[in-house]
Amino acid sequence: LEPRIPPRPFLPVGPGAAPFRAALCAGGFVGMPRRPTSDEALHVARWFLSGFIERTDSQDHILPKNDTFSPFEGFCRVFPQYSKKKDGGASTDGVSRAAFNKICLEFFAEGMRKPARNGNPGALEHGLAQQRRHFLCGRWRDPNYKEDLAALEGLFHSLEPEQVSAAMALLNDFARWKPGPAGRGGERVNPSSSGSSSPVMGVSYEMG
């Protein structure tokens, strides 16, 4: 017996049919099925979050959920090959922004905060200093501080030289993020909520 070919779904035509056709396609009735996110991409996403961002006990440490300085934007810059192409990455089976933000909830709570106006240099025109969703009790590691650099060096040995360069550029750039106390405004708090950190001026890192 020849295999039974399922009938092709009916697609409405004519004026006013576009919304119905779009709904059918979005529901998976038409076209190729979505490619699932690879297990490797999910593993790298969790590795990135646990290594490049420190979990703290301080409500003063917040990370924007989306846009500039967000965890997903950082992940795309260092690991575009594991980021979904439609969200700015370079992979068809990479982690999407929505999936990445869901993984972030394994590490951080989420809440509404309003960062200090000086927390987003060069990005105020995009409204990043307005009340919006943030991940709480987390901060980007800063390679300009000895404690952070020591923690990062262990991660860098698992990366290719070009990835180390991308990571250093990312972290030096994202160190500009100054949310202020509990998102209420003010200057950037010390990177460590449990003690003082010693800055390292003009730090650079090369693979040994």
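**Helix packing and burial**

Tutor: Let us begin with Q163, which is found in helix α6; please keep in mind that this is a predicted model.

Student: Is Q163 buried or exposed?

Tutor: A residue counts as buried when its relative accessible area is under 20%. For Q163 the relative accessible area is 14%, so Q163 is buried.

Student: Leaving aside residues up to four places away in sequence, which residues does Q163 touch?

Tutor: Contact here requires heavy atoms within 4.5 Å. With residues up to four places away in sequence not counted, those that Q163 touches are V78, F79 and Q81.

Student: At what angle do helix α2 and helix α3 pack?

Tutor: Helix α2 covers residues 39-52 and helix α3 covers residues 71-78, and their axes lie 11 Å apart. A41, V44, A45, F48 and L49 of α2 meet P71, G74, F75 and V78 of α3, a contact that by class has eight nonpolar, one polar and no charged residues. The crossing of the two helices is right-handed, and the angle at which α2 and α3 pack is about 115°.

Student: Within what arc do the buried residues of α5 fall, seen down its axis?

Tutor: In helix α5, residues 146-156, the buried residues are D148, L149, L152, L155 and F156, whereas K146 and A150 are exposed on the other side. What covers the buried residues includes α2, β5 and α6. The buried residues line one face of α5, because, seen down the axis of the helix, they fall within an arc of 110°.

Technical notes: Residues numbered from 1 in each chain as written. Predicted model: local features only at pLDDT ≥ 70, side-chain atom pairs only at ≥ 80, totals over all residues. Heavy atoms only, no water. Axes fitted to C-alpha atoms, helices over the stretch in contact; angles between N-to-C directions. Helix = DSSP H or I, 4+ residues; strand = E, 2+ residues; numbered from the N terminus. Left-handed = near helix turned anticlockwise from the far one by under 90°. Nonpolar A, V, L, I, M, F, W, Y, C, P; charged D, E, K, R; others polar. Buried < 20%, exposed > 50% of the residue type's maximum accessible area, 1.4 Å probe, protein only. Arc of directions from axis to C-beta.
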